[in-house]
Protein chains: 4
Amino acid sequence: MNFTDPFHDEHGDKLREECGVFGAINAADATAVTALGLHALQHRGQEAAGITSFDGTEFYSRRGTGHVAENFSSSEAIAELPGFMAAGHVRYSTTGGSGLRNVQPLYADLASGGFAVAHNGNISNAGTLRHELVGRGAIFQSTSDTEVIIHLVATSRYPTMIDRLVDALRMVEGAYSLIVMTPEGMIACRDPLGIRPLVMGKMGDSVVFASESVAFDVIGAQLIREVEPGELIRVDFDGSIQSLHPFGKQAARPCIFEHVYFSRPDSIFGGKSVYSVRKAIGAQLALESPADVDLVIPVPDSGVPAAIGYSQQSGVPFELGIIRSHYVGRTFIQPSDGARNSSVKRKHNANRALVEGKRIVLIDDSIVRGTTSLKIVEMMREAGAAEVHFRVASPPTAHSCFYGVDTPERSKLLAARMELEPMREFIQADSLAFVSIDGLYRAVGMEERKKSCPQFCDACFTGDYPTSLTDLARREGKDAQLSFDKVA
Amino acid sequence: MNFTDPFHDEHGDKLREECGVFGAINAADATAVTALGLHALQHRGQEAAGITSFDGTEFYSRRGTGHVAENFSSSEAIAELPGFMAAGHVRYSTTGGSGLRNVQPLYADLASGGFAVAHNGNISNAGTLRHELVGRGAIFQSTSDTEVIIHLVATSRYPTMIDRLVDALRMVEGAYSLIVMTPEGMIACRDPLGIRPLVMGKMGDSVVFASESVAFDVIGAQLIREVEPGELIRVDFDGSIQSLHPFGKQAARPCIFEHVYFSRPDSIFGGKSVYSVRKAIGAQLALESPADVDLVIPVPDSGVPAAIGYSQQSGVPFELGIIRSHYVGRTFIQPSDGARNSSVKRKHNANRALVEGKRIVLIDDSIVRGTTSLKIVEMMREAGAAEVHFRVASPPTAHSCFYGVDTPERSKLLAARMELEPMREFIQADSLAFVSIDGLYRAVGMEERKKSCPQFCDACFTGDYPTSLTDLARREGKDAQLSFDKVA
Amino acid sequence: MNFTDPFHDEHGDKLREECGVFGAINAADATAVTALGLHALQHRGQEAAGITSFDGTEFYSRRGTGHVAENFSSSEAIAELPGFMAAGHVRYSTTGGSGLRNVQPLYADLASGGFAVAHNGNISNAGTLRHELVGRGAIFQSTSDTEVIIHLVATSRYPTMIDRLVDALRMVEGAYSLIVMTPEGMIACRDPLGIRPLVMGKMGDSVVFASESVAFDVIGAQLIREVEPGELIRVDFDGSIQSLHPFGKQAARPCIFEHVYFSRPDSIFGGKSVYSVRKAIGAQLALESPADVDLVIPVPDSGVPAAIGYSQQSGVPFELGIIRSHYVGRTFIQPSDGARNSSVKRKHNANRALVEGKRIVLIDDSIVRGTTSLKIVEMMREAGAAEVHFRVASPPTAHSCFYGVDTPERSKLLAARMELEPMREFIQADSLAFVSIDGLYRAVGMEERKKSCPQFCDACFTGDYPTSLTDLARREGKDAQLSFDKVA
Amino acid sequence: MNFTDPFHDEHGDKLREECGVFGAINAADATAVTALGLHALQHRGQEAAGITSFDGTEFYSRRGTGHVAENFSSSEAIAELPGFMAAGHVRYSTTGGSGLRNVQPLYADLASGGFAVAHNGNISNAGTLRHELVGRGAIFQSTSDTEVIIHLVATSRYPTMIDRLVDALRMVEGAYSLIVMTPEGMIACRDPLGIRPLVMGKMGDSVVFASESVAFDVIGAQLIREVEPGELIRVDFDGSIQSLHPFGKQAARPCIFEHVYFSRPDSIFGGKSVYSVRKAIGAQLALESPADVDLVIPVPDSGVPAAIGYSQQSGVPFELGIIRSHYVGRTFIQPSDGARNSSVKRKHNANRALVEGKRIVLIDDSIVRGTTSLKIVEMMREAGAAEVHFRVASPPTAHSCFYGVDTPERSKLLAARMELEPMREFIQADSLAFVSIDGLYRAVGMEERKKSCPQFCDACFTGDYPTSLTDLARREGKDAQLSFDKVA
């Protein structure tokens with residue numbers, strides 16, 4: 001069974017995680033290990049990949065557009081990046097069009113020596129900080145929010161690198177899971193709310209860090225634990241490991257959408273199996289919104305685990321009513337005669353012999369714009385389904401993300417534009433239901449969502465942003481935050 | 001759910017269909033239709049693709065290595081191939097290394113005008129015929145067996161094209177589904193035993209032909225019927241359609257492996273839904289070889305339908321115990337430390353949280369060399385499975401195919417090398433079972449396999465080849481056929 | 001000083017030799033030698049290059065578009081073509097757009113074994129012969145006239161290869177210098193009139209053949225002699241060399257334009273130094289058409305030797321009044337403001353400081369369409385030249401070539417469209433003169449042109465074609481030849 | 001006649017100008033104009049090219065490796081760079097291997113807005129300044145010396161851009177011709193000694209700047225004058241032009257090697273025609289060092305003007321004894337048999353028929369390592385020359401350049417290693433002479449070289465560097481300058 005490949009979605013009808021990071025220190029083949037690990041995180045960002053390594057003297061860097069395999073599978077590529085420490089990055093989009101400059105890891109020669117950083121997340125006051133830094137004569141090489149951190153480190157007056165980094169991070173707001181390399185070793189850290197994931201592993205004498213535990217499976221490393229929200233872990237070349245919590249303790253708010261869609265089903269996130277959480281969401285959905293049907297059919301591939309959960313809870317058989325093609329990714333010229341909707345059919349084809357005359361329920365992980373959902377419902381009807389019900393394994397996605405996830409403008413989100421019944425009408429389903437927000441929390445193992453202090457960042461569903469959004473406020477004027485919430 | 005992608009199997013541990021063909025006549029955008037149809041047949045051959053079109057005056061051709069999307073998705077590519085008739089081909093390997101020369105459709109300027117042909121199958125006396133033709137001064141442009149047909153047509157003394165083609169086909173032996181284009185129209189035909197598939201469809205005034213019905217779904221055409229074994233269907237530009245059976249009637253022997261693995265699950269083959277046949281094989285397997293286990297786990301993606309059938313028949317839950325990555329296709333540099341078996345893990349990763357401590361049964365469609373099966377069993381045990389049973393949705397594959405399927409040398413086929421118990425030991429499963437040959441026939445809807453006159457070509461399982469194999473006999477000496485059967 | 005590079009002439013205002021051939025036998029590194037030799041012939045054809053080699057067992061072939069250096073300078077490329085015999089080809093255009101298929105050497109598997117051929121020239125009855133061969137069932141792979149020779153050899157009934165080749169050549173008419181490879185050795189031959197050049201050289205035990213002697217200089221081989229008109233030279237792997245004259249003796253008619261423009265100035269053609277012939281033409285021109293000027297200025301680079309001759313004969317100083325850039329070959333976007341005629345200026349720039357206020361005579365090798373000549377005269381006037389006279393080191397080019405030279409349609413040749421005075425007016429020169437046809441013959445060392453039996457093919461100047469032109473006649477009807485001569 | 005193409009010299013046996021710059025303001029098609037102008041400066045740097053444009057709001061940049069034509073001849077490329085102001089740069093080497101980062105124009109977002117700079121020359125205290133800037137928290141994006149200027153501007157406390165630029169330039173030492181773009185307009189300037197060239201032109205309402213006047217010819221602009229040493233010229237969008245001399249007056253020291261070799265012969269440098277200066281050097285050489293020979297032969301192409309001057313002064317005929325191929329640039333695999341020295345022969349071939357038995361004098365512009373000179377003398381002897389004399393149109397090149405010219409390590413310069421007679425012996429000439437330093441000054445129009453205050457920078461001949469060399473001194477310790485002069 002394949003995990004979801006959101007970026008091949010030609011309709012852009014999925015939220016997209018923008019980055020994945022990986023680091024390895026004290027590893028004989030640090031770059032080869034990083035390439036493999038990064039490859040396992042490919043679903044977190046397919047548009048560009050980069051690796052920076054350090055051999056005790058020099059830093060080496062190679063960055064390119066496209067997949068990890070296109071850039072880092074040759075022995076020549078690996079040989080260009082010698083050393084026993086390396087960090088890598090996959091990213092979705094190179095915002096601003098300035099191309100390779102924004103591909104990470106970013107690197108700079110500071111007075112203290114080389115400094116490389118790979119970042120998953122988004123600094124929500126980056127624009128404001130950048131403006132101040134440029135005013136003092138700083139010259140930026142990229143349009144990346146991450147570069148702000150480097151300039152803050154470069155101009156910090158603290159004497160040690162770790163103090164300069166903490167000094168810099170105190171000034172930034174938002175979401176960040178970072179892997180930093182200096183001539184003294186590797187530092188991994190996570191923002192105080194732990195919005196984006198980061199895990200730590202071990203492989204012999206090597207220490208490894210990754211956005212998801214699945215990267216450890218492919219390289220044969222053991223998952224040790226999550227990097228804690230607000231924690232900095234420093235690993236030196238003598239193998240010593242030091243943990244710091246310079247920001248004090250705070251209730252964590254990890255991203256709940258990692259469970260819904262971003263992470264691979266074989267990853268462990270927040271101590272939970274993503275696959276089993278997704279099945280539990282499906283079961284919860286069956287309890288909350290049963291359907292009197294003959295078949296449970298997943299929208300492949302991301303709807304599969306929830307569909308299995310729905311089927312097992314409801315007793316209605318799980319069947320492959322939609323067959324997905326591997327060979328997508330390009331738009332073909334549409335012939336004028338006949339081939340209506342062929343672009344969606346190239347990707348998803350109805351298993352006509354199966355669904356003909358049947359009442360079915362489709363299970364998908366989420367609805368973003370709704371355009372793909374509509375086409376899939378139409379396709380099922382054309383294939384002869386008697387009834388088409390739709391169940392969604394997440395609450396309605398009604399708010400944008402400012403923490404490193406690519407969301408369409410809010411006005412394009414179906415759930416920001418209309419209520420449940422108009423949504424049902426829009427996608428032309430016989431019935432439509434989303435799992436409730438408390439149901440989602442239950443599937444993740446909580447009793448319910450604590451309203452005063454939610455256990456996760458669920459802003460995309462609730463609009464409840466766990467940090468201030470300085471850049472947004474500056475752009476939109478004083479009452480930006482307020483008016484923003486009124487859009488819906 | 002994805003259909004199987006055999007050619008991304010980096011261990012070569014699947015049989016590989018070598019070709020897919022598609023043709024469209026009397027279509028306003030014949031080339032665009034053909035590109036889309038061919039794209040839906042991509043799983044039948046990923047190494048090269050070609051399309052030839054005809055606009056009433058000229059033939060146009062474009063062929064390239066790689067996928068259909070790489071060669072035929074731009075408007076420039078389509079514009080190079082104008083006309084209302086087109087035929088295309090995807091193929092697996094360019095045997096002989098002469099590169100593009102062997103990519104089909106093959107084309108020749110005959111005295112009667114242009115002649116293009118796309119062929120799925122293999123001519124088993126091609127070498128012998130070629131030797132004779134060269135002796136008479138013929139110059140071959142390719143090393144393809146298909147070119148023999150063109151030379152036979154070119155030198156035939158019959159007055160009409162259809163007679164020359166029949167004259168040529170009378171001389172060839174083996175498997176062929178052909179789409180031929182001449183300045184007079186399109187001819188589709190299938191060898192007298194109908195070994196390889198070919199279906200006919202309709203889209204408005206256009207007539208289309210394809211290796212599998214799934215190609216019609218994507219373009220919005222309707223499946224009319226199969227081209228019959230031994231039938232030639234001629235379609236002219238005035239829309240007239242003529243059916244010929246020049247070779248007399250014979251019992252058909254279509255390839256049963258199309259049901260097992262080659263065809264997409266959403267195709268209809270021999271009037272049966274491939275998906276439902278695969279589920280039936282899984283159910284049959286559950287009846288024949290039950291397993292006392294907690295979970296039914298498919299080897300993705302080709303084992304999924306049979307696993308659903310096995311689960312439904314046995315009542316044991318179907319679960320995704322193996323997660324397959326989309327991002328494969330290249331070999332990475334293996335790091336020296338730790339990352340054992342990372343190449344198989346890049347493709348298939350254990351869903352450790354699910355299988356830990358569980359008794360499981362793995363369902364795969366077939367076993368070829370057995371090397372992948374071994375690695376998957378090992379991976380399940382490393383992930384903590386308490387017992388690992390293995391069930392195979394086809395009988396043991398013990399014989400090579402000479403009809404257009406790429407099989408390893410017979411000595412590399414696990415089932416040609418050993419009996420059941422040693423096979424089980426080799427793949428280190430707690431138990432191993434294959435569906436019986438009669439069970440397979442039952443799943444396809446027969447009561448049993450008729451020994452005297454089997455209803456399918458099942459030579460890969462039984463060694464019972466439905467045609468003589470002239471080239472092989474010539475290579476191996478008089479009693480080749482005999483000794484061949486003794487290898488096992 | 002550079003030799004002429006006709007194909008970078010973006011106005012197409014030069015005649016273009018269409019091919020160069022090279023062969024080496026009994027050479028340890030036959031392919032490396034051939035690549036170097038071919039590179040020295042690059043000026044004879046820049047659009048495609050190919051080499052075929054033979055190692056005693058197999059033939060190997062590699063062909064590509066672009067320059068020799070782009071295709072044959074890597075060790076990988078050379079390693080793909082092992083053996084001690086190789087032949088190569090550079091060509092100008094791939095007529096008919098069928099791409100690589102027409103790139104030579106052409107190769108075929110005949111009943112007698114492999115057969116490769118590289119051809120410089122043009123078969124003027126190729127279309128007629130092709131029609132007959134296709135009628136007998138032959139299938140052509142290319143649109144090249146050369147392939148006719150292969151089919152004639154393939155279907156010849158003579159027992160030996162050399163007899164079959166002679167049999168084939170008896171049927172063809174036109175110009176050909178061929179290098180043929182078979183499993184028995186190499187055969188070089190030249191048509192009975194010796195229209196296109198071919199020379200033979202020696203390097204240790206190796207025998208080499210080339211279109212021009214300059215190819216021997218670069219590889220360190222010695223020029224032995226020209227292959228004689230109508231001669232076949234066969235070289236075997238034991239080193240034996242055999243000369244045949246199967247067509248009887250005939251007066252030769254080598255192409256006089258090789259002296260005017262095609263050949264490199266450092267080549268020896270017909271026993272004469274091309275450089276010294278070009279100087280002699282310039283001197284002859286000074287005698288026939290003196291000019292009362294201050295400076296003799298060559299149109300670079302092809303006008304340089306004639307300009308030196310003109311200067312030395314007339315006593316007027318030779319000066320670089322036009323500077324030519326190396327960096328041409330692409331068309332730039334023309335800015336709207338100002339940059340008039342920048343495309344010609346990118347290639348040729350006036351040495352303004354030199355020519356300002358001076359009376360000058362420009363020397364060019366030939367005038368084809370006249371468009372470039374006009375622009376150069378204009379450029380000299382803009383730069384301040386007081387008078388601009390024009391002298392041409394060949395007679396007026398008024399007829400097309402059918403022997404392997406790319407000429408514009410006759411109606412585009414300036415000299416086919418108008419007399420001398422209108423030509424002068426067209427190019428806006430103060431005076432214009434061409435060398436006389438007898439003057440040209442004198443420069444080449446003859447007393448005069450023998451009208452009844454000219455010593456050279458000079459059809460482009462005189463319209464006196466030395467062979468019949470069967471295909472042309474067939475295309476144009478019975479009295480084609482006649483009407484053709486009446487066009488002017 | 002072609003101007004010299006130093007970078008195709010595969011033996012690196014020429015000094016190489018490292019850069020050319022071009023700028024256009026108030027031009028409707030600023031980028032198209034710049035691309036054409038840059039193309040005319042291609043000989044000053046072939047390894048990379050870049051253009052930055054400004055449309056009143058945004059800056060746009062495109063930089064690539066390879067020639068201008070490869071990067072800027074498509075309409076897509078031009079369309080990416082809209083605006084009425086643009087500046088471009090060609091460069092030789094991307095020192096330090098950091099690839100595109102060092103390709104100019106460099107660009108930065110300063111607090112005052114965008115800032116782009118294209119630089120020809122070399123800052124001889126760049127390393128020292130960079131060290132100080134990094135210590136204050138500056139982050140460099142490139143290893144280019146030019147970036148130092150940007151950081152000095154970014155951190156300058158002066159209120160206006162022109163003051164900040166002057167402030168920055170006061171701190172730098174060495175050679176620079178700069179074209180700067182800001183949102184207010186274009187600033188062109190030249191270091192106080194005017195070491196590297198820069199000229200100003202006009203085309204309608206547009207103002208253009210370029211390294212050489214030849215760039216104006218191709219775009220149809222008029223040369224106005226040189227930018228003066230130490231001058232800043234500021235052009236605004238309203239067309240106003242302002243000239244500043246903020247550094248006071250100083251005697252200029254332009255590079256004399258521009259006359260010898262770097263500039264195109266059709267350029268005007270320091271008010272003199274480069275072609276006529278080169279002829280004058282040849283004439284001077286003939287007076288100083290006559291040779292009793294039959295032929296004057298240039299080493300093509302750079303020796304041609306001096307050879308014409310030598311021939312006209314001496315009365316010995318000028319002849320093309322060496323033919324140069326256009327088709328060079330790649331190294332071929334050397335065959336083992338025979339083809340000795342084929343790499344030099346691919347580029348230069350002896351006109352054997354001409355030189356055989358003759359006494360010749362070869363004229364070249366300069367001798368750097370001497371290896372090519374040796375090969376050319378050998379080639380002439382192999383071709384049968386009776387005597388081979390060698391005359392050089394510049395004094396012995398015995399010192400490295402630190403002002404933006406790529407010179408080999410001093411220990412590789414032939415004239416730094418040995419006196420005249422050993423040099424003659426090394427290159428195996430019958431006699432060898434260089435023009436005297438005073439002779440060179442006379443050819444340029446001076447009476448003699450003023451020892452106390454030379455009119456040119458001639459450090460490569462005399463070791464008399466016109467500026468201090470801070471970085472070099474820092475690297476080599478206190479008495480670096482001193483010991484440096486003792487190397488010879």
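Q: What makes residues of chain D and chain A count as being in contact?
A: Contact means heavy atoms within 4.5 Å. By that rule, 18 residues of chain D are in contact with 19 residues of chain A. The model is predicted: local features need pLDDT of at least 70, side-chain atom pairs count only at pLDDT 80 or more, and totals for chains, interfaces and linings use all residues. Side-chain values use heavy atoms, without hydrogens and water, residues are numbered from 1 along each chain as its sequence is written, and chains are lettered from A in the order in which they are written.

Q: What is the area buried between chain D and chain A?
A: About 1400 Å², of which carbon and sulfur atoms give 53%. Buried area is the accessible area (1.4 Å probe) that two parts lose on being put together, summed over both.

Q: Which elements of chain D supply the side that touches chain A?
A: Strand 6 (106–110), helix 4 (126–135) and helix 5 (146–155) each supply at least two residues. Helices (H or I, at least four residues) and strands (E, at least two) are DSSP runs, numbered from the N terminus. Helix 5 of chain D gives the most, with four residues.

Q: Why is the pair of A:Tyr403 and A:Tyr465 called tilted?
A: The ring centres are 6.4 Å apart and the planes stand at 55 degrees, so the pair is tilted. A:Tyr403 lies in the loop between strand 21 and strand 22 of chain A, and A:Tyr465 in the loop between helix 17 and helix 18, so the pair ties together parts 62 residues apart in sequence.

Q: Why is A:Tyr403 called buried?
A: Its relative accessible area is 1%. Buried means under 20%, exposed over 50%, partly exposed in between (1.4 Å probe, protein chains only). A:Tyr465, at 10%, also counts as buried.

Q: Why is the pair of B:Phe54 and B:Phe237 called stacked?
A: Their planes are at 20 degrees and their centres 5.9 Å apart, so the pair is stacked. B:Phe54 is buried at 2%, whereas B:Phe237, at 27%, is partly exposed.

Definitions and conventions:
Phe/Tyr/Trp six-rings, centres within 6.5 Å; stacked < 30°, edge-to-face > 60°.
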